[in-house]
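Visitor: I would like to go through this structure and ask what stands behind the labels. Please show it first.

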Protein chains: 2
Amino acid sequence: MSTLVSTPSPVQQASSPSVATPLLAECEFIAGGITAPAGFKAGGIHAGLKKRKKDLTLLCSEGLAHTAAVFTTNIVKAAPITWSQQALQAQRSSVKAIIINSGNANACTGPQGMIHAQQMAEATAAALQCQPQEVLVSSTGVIGVPLPIDTILTHMPALVQSLGTDADAGLAAAEGIMTTDTCVKQTAVQVEIGGKTVTIGAMAKGSGMIHPNMATMLAFITTDADVSPEILQIALRESVDESYHMISVDGDTSTNDMVVLMANGQAGNPTITSRTDANYEIFRQALNAVNRNLAETIAKDGEGATKFLTANVTSAGSKSQAKALAKAIVSSTLVKAAFYGADANWGRIISSMGATGVPFEPGKVSLSLVSEAGAILMLEKGEPLPFDEDYGRKVLEAHDIEIRVELHAGASSATAWGCDLTHDYVSINSSYRS
Amino acid sequence: MSTLVSTPSPVQQASSPSVATPLLAECEFIAGGITAPAGFKAGGIHAGLKKRKKDLTLLCSEGLAHTAAVFTTNIVKAAPITWSQQALQAQRSSVKAIIINSGNANACTGPQGMIHAQQMAEATAAALQCQPQEVLVSSTGVIGVPLPIDTILTHMPALVQSLGTDADAGLAAAEGIMTTDTCVKQTAVQVEIGGKTVTIGAMAKGSGMIHPNMATMLAFITTDADVSPEILQIALRESVDESYHMISVDGDTSTNDMVVLMANGQAGNPTITSRTDANYEIFRQALNAVNRNLAETIAKDGEGATKFLTANVTSAGSKSQAKALAKAIVSSTLVKAAFYGADANWGRIISSMGATGVPFEPGKVSLSLVSEAGAILMLEKGEPLPFDEDYGRKVLEAHDIEIRVELHAGASSATAWGCDLTHDYVSINSSYRS
């Protein structure tokens, strides 16, 4: 736990110029991913769970790191989820490493599944000279097939060998967690907290974007910020709600979903121990920047996607209303299919909102579709407006499309992200195992 | 209301041999649809809302009929839904006719929409010499485009001309309500109640089967049974829950969904006025037979479908648990896509169940896939069983596939129906308006 101790001097706290009015603008995107913050090593290799691509990743902190996590709410939990939940509890939210394999979910694999998850943790602990419960385990891939544990165990030396603190090592780690993803998903930001430069890095893997309830979403975030375990957990939960949960349907998660945030305190900032601490807001905004960036990337890389959809619901009566409606729009298969066909079928958009059961006044709704090719106001306070079909098609043939919905009911807003439903989605998902 | 009066003699009630132990076997499927029961006329024509196919349907009872209805729960309700709800209330659930158009949903059409719905009712009332509020209105098709009301009004004489009591007239009516349906959906049954032959006829239109929340589901049921309005409403609600709602996700309905049941009492059976009346159970089972038959047909004709899926969840702890899990299976896009590819990916099935949040014990679940080509037990009380991939593919290449899930938790069961997710679904729904 020694790496986490860095109680700040009063001078450091007082010297922070941004305590009163934290601004997101202070947070700057930088190159790299999970190895960008000080004190983290990572690596990724091809062990043989997948045919050719990297399929085994290791992430570790120099010492124990405060670790927050959000796990799937699926009743059917994969063995590595259970292992990691127990380990975090036993360790009181301080762990050292995470081993992740792709190609096999180790879910619905009976009692053997737990043994295999434990073996992954034990082999990692032996290699890193730490305790097994200081190692979290994560898996993604096909469900119900026994994990080829020997393949993983025999490749432990090579995996540990691949560990590094540079950007290449972080990239290899991000590659090792991919399944049907077509691009690597990683990002990093820097922000000044209490006169110290704090770095947050992250990697993620995407999911099928029609019904995200069934495809695994994983994200691993590292930071050298000094944050108490309780506050770290609150910050992660809040940030997940505004990022990954906005490309998904609430509560609908796969057997293996997992978002983990490790904070090792090496930046030396004044420890953030309260939500009322002004530095908390700075940290939270930087964390949001990382997670929203990855969430957008996941949505853009939806299976078979040809278009990126952003639903912005504004002037809502409450945050929860705005969120539910924005999510409903990007979750509707008929809306998604219409955008694939560049079809300005706004009726499906408003019907998807109505189907949520969340009350709103249809007669007050304004709705526009916006892209780099132009904007069409299709519905103004409940009244459909005529529009030129050719112009509409031109606007919708762009890759990035924003759906703007104004409810004229209040001052809340929310953003959700999605993609279109395509022939390729069906192709990918009708032969996933082959 | 005179056509509804047919208070039975005590002799008739006593002569019924099936009062004590009603059996579904007594109910027999017969040819025809909504014109099969006595005292109903129907017709359908091409008015011009669609390019070539029939798009305007009229259904009417000789006199006022007790009428039960279940409407969409969507916050955004089409004008004809509002009209029909108000008419039923004003008429205390006794109406004479229903006019239905396809090709345009008259939803999100502003104040003009209500005027158009009323004009449809008024024109029908004038032609049938009844009051406008004795006419329900139903529409299905594209949302947000003004209804071509003149096209409908100028074709009223031809529509009334098409009315008939024979099977051809019933068929024409069923054709007039279709949108992307590839086959007509109608059925009829006969059952003896209190010594009288009661007939129930019905027609329906299907819906996109991936996310049924967005595509309109309509069903119209006629019967010459004598049932009080209150009991008719209860019977319809119960039957809808075990039929149409089992091909859909609860509460997720389109702007235009509507199921209507008209009972004119001409069969002369003892009036059914209570749920504890033994004749109620006979009527309910016959009504269920009709509605489950149409629900299956709708599922089989899902947009672009190549396979028909039946999920049977048995030995559940409760009816609601069984229903939620059965529906989750047939609603999962990843499950649907896997069956399209004849991929025995049972992990997606159990994950879709888990994502509902409905508690069950994964370690007790048995799961088999069954078709005319054979059966594969894939999971036995939580333990995955090895199976031959080639054999699995053969079983899944059949058109009709049953997913059998045993929870080993109790004595309840439920059935849900669905279809696979295909390339054609995407094609149909990415260019629906063109």
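Visitor: Why does A:His408 count as partly exposed?

Guide: A word first: this is a predicted model. A:His408 has 29% relative accessibility. Buried means under 20% and exposed means over 50%, so 29% falls in between and A:His408 counts as partly exposed. The residue sits in the loop between strand 14 (400-406) and strand 15 (412-419) of chain A. A:His408 also has a positive phi of about 50°, although it is not a glycine.

Visitor: What makes A:Gln129 count as exposed?

Guide: Its relative accessibility is 75%. The cut-off for exposed is over 50%, so A:Gln129 counts as exposed. A:Gln129 lies in the loop between helix 3 (110-128) and strand 5 (135-142) of chain A. Its phi is positive, about 55°, and A:Gln129 is not a glycine.

Visitor: Why is helix 10 of chain B called largely enclosed?

Guide: Helix 10 covers residues 333-340, and seven of its eight residues are buried, so the helix is largely enclosed by the rest of the structure. Those buried are B:Thr333, B:Leu334, B:Val335, B:Lys336, B:Ala337, B:Ala338 and B:Phe339. Each has under 20% relative accessible area, because that is what buried means.

Visitor: What makes B:Ser332 a cap of helix 10 of chain B?

Guide: A side-chain oxygen of B:Ser332 lies 3.0 Å from the backbone nitrogen of B:Val335, at the N-terminal end of the helix. Just after helix 10 of chain B, B:Ala342 takes a positive phi of about 50°.

Visitor: How do you know that strand 11 and strand 12 of chain B pair?

Guide: Pairing needs at least two bridges. Strand 11 (residues 366-371) and strand 12 (residues 374-380) of chain B have five, in the antiparallel sense, so they count as paired. One of the bridges joins B:Leu367 to B:Leu379 in strand 12 of chain B.

Visitor: What do strand 6 and strand 7 of chain B form?

Guide: They form a hairpin with two residues between them, and B:Gly194 in the turn has a positive phi of about 55°. Strand 6 and strand 7 (residues 196-205) of chain B pair in the antiparallel sense over nine bridges. B:Lys185 stands opposite B:Ala204 in strand 7 of chain B. Strand 6 (residues 185-193) also pairs with strand 1 (residues 28-30) of chain B, antiparallel, over three bridges. There, B:Phe29 has B:Val189 as its bridge partner.

Visitor: How do you know how chain A is related to chain B?

Guide: Chain A can be laid on chain B with an RMSD of 0.0 Å by a turn of 180° and a shift of 0.0 Å along the axis. That is the relation of a two-fold axis. The same surface serves both copies, as 100% of the contact residues of chain A recur in chain B. Of the residues of chain A, A:His423 comes closest to the rotation axis, at 2.6 Å (C-alpha).

Notes. Residues numbered from 1 in each chain as written. Chains lettered and ligands numbered in written order. Predicted model: local features only at pLDDT ≥ 70, side-chain atom pairs only at ≥ 80, totals over all residues. Heavy atoms only, no water. Buried < 20%, exposed > 50% of the residue type's maximum accessible area, 1.4 Å probe, protein only. Helix = DSSP H or I, 4+ residues; strand = E, 2+ residues; numbered from the N terminus. Polar contact = N/O pair within 3.5 Å; in protein donor to acceptor, adjacent residues only side chain to side chain. Least-squares fit on C-alpha atoms with pLDDT ≥ 70 in both. Contact = heavy atoms within 4.5 Å.
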